[in-house]
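Dear colleague,

Here is the structure I said I would pass on. My notes follow below it.

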Amino acid sequence: MKKPLRFNTNTIHGGQEPDKAYGAVMPPIYQTSTFAQTTPGGHKGFEYSRSGNPTRHALEKGLASIENGTYGLAFASGLAAMDAVIKLLSPGDEIISTNDLYGGSYRLFRKVFEPFGLHFHFVDMKDTGRIESAISEKTKLIWVETPTNPMMNVIDIRAVAELAQKHKILLAVDNTFATPYIQQPLDLGADIVMHSATKYLGGHSDVVAGALVVRDPDLADRLYFIQNASGAVCGPMDSYLVLRGIKTLHVRMQRHCENGAEIARYLRSHPAMEKVYWPGFEDHPNHEVAKEQMNDFGGMISFVPKGANYADAVRIVESLKVFTLAESLGGVESLAGHPASMTHASIPKEEREKSGVTDALVRLSVGIEDARDLIEDLEQALSSLG
Ligand code: P1T
């Protein structure tokens, strides 16, 4: 049996082979909608690019490899990947979801799928017991995001997986914030791992894409059917960009984590700071779980300055010069955002405030620049608080 490769080798070689035509080391961008056939059905493995495309296929094999899965599926966006998972379900089914999650995920569940007769329960999953009490015989899926966007709550994937298996419920984990460099949900018992590949996997803020990885062949067939039948596939150029990003995932993540730790500690020591959210702090509510299931703590940080209001948070993000004020995360460059008015504006104020997404919250995606420049930038922006 072939010896399995280690993660830092898999990001580069996992599922990859030189292109069959000329031995190109990177898969060519097969920018074609269709493939010539000699007789109906007589083709070389690909017939139409919605059903399959060699560049996307190379990415899908790479995705499966880095998540320790068997089957990868690449989509047009993270939300398109989530949309495919929810389409496994039928009207009347119930889903238990993390309460603190990306605003667009909440909007997809509530505004698109609830009208089709699906019912979503949003649960604070820090305590796994709360999930168990929300389970009914109609529960078909548990949707976990960990660490959560933007409150950095950590959910015990292994404990939720045991619960899901006991009740024969599918478990999907959004691994966008952690990436497989930090945690591998399939190894912890999840059935489906999902990514906004727009973020760390792509890594350069130049592509919007999504991914699913599974192990079970039957589940893979059902998801592939939906991918092809609904059609939200990742295009050849975008597949190439994500695959290229994945090849440096481990080195980028190492620096994201180092810079994240430095900036989290700097912020926490700042006299103007009320609260800093980062799973690496020893007093983070689920730090023990984080230490157990994560290899490192990532580059995402949220914070609330002392006595700050909406205007203060906006002033800080507007004053930053090295950090760019923008939606998204996970690129090489540092970004700052104001969740209440940006990424989480689609969640009603009352709902989002329950999970801590207040008007004063600022979110940082720490990039891989020199941390000293990032700290100096934060220093000058925080001085605007007066
Ligand atoms: O943007 P898209 O590729 O469709 O992915 C959606 C998505 C899903 N899950 C998580 C955890 C996410 O963070 C996102 C997208 N998030 C942002 C755009 C953001 O700035 O938070």
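A residue is called buried here when its relative accessible area is under 20%, and exposed when that value is over 50%. The model is a predicted one.

F113 has a relative accessibility of 6%, so this residue counts as buried. F116, at 58%, is exposed.

In total the structure holds 10 aromatic pairs. In another of them, the rings of F35 and F46 have centres 5.8 Å apart and planes at 35°, so this pair is tilted as well. Both residues sit in the loop between α1 (7-13) and α2 (54-66), and the pair therefore ties together parts that are 11 residues apart in sequence. F35 counts as buried because its relative accessibility is 17%. There is also one aromatic cluster made up of Y106, F109, F120, F122 and W143.

As for the chain as a whole, there are 14 helices and 12 strands. The radius of gyration is 21 Å, which agrees with the value near 21 Å for a compact globule of 386 residues. The C-alpha trace spans about 75 × 50 × 40 Å along its principal axes. Of the residues, 56% count as buried. Among contacts between residues at least 6 apart in sequence, 73% join residues at least 24 apart.

Regards

Note on methods:
Residues are numbered from 1 along each chain as its sequence is written. This is a predicted model: local features need pLDDT of at least 70, side-chain atom pairs count only at pLDDT 80 or more; totals for chains, interfaces and linings use all residues. Side-chain values use heavy atoms; hydrogens and water are left out. Helices (H or I, at least four residues) and strands (E, at least two) are DSSP runs, numbered from the N terminus. The radius of gyration is taken over C-alpha atoms; the globule rule is 2.2 Å times the number of residues to the power 0.38. Buried means under 20% relative accessible area, exposed over 50%, partly exposed in between (1.4 Å probe, protein chains only). Contact means heavy atoms within 4.5 Å. Rings of Phe, Tyr and Trp (its six-membered ring) pair if their centres lie within 6.5 Å; planes under 30 degrees apart count as stacked, over 60 as edge-to-face and the rest as tilted.
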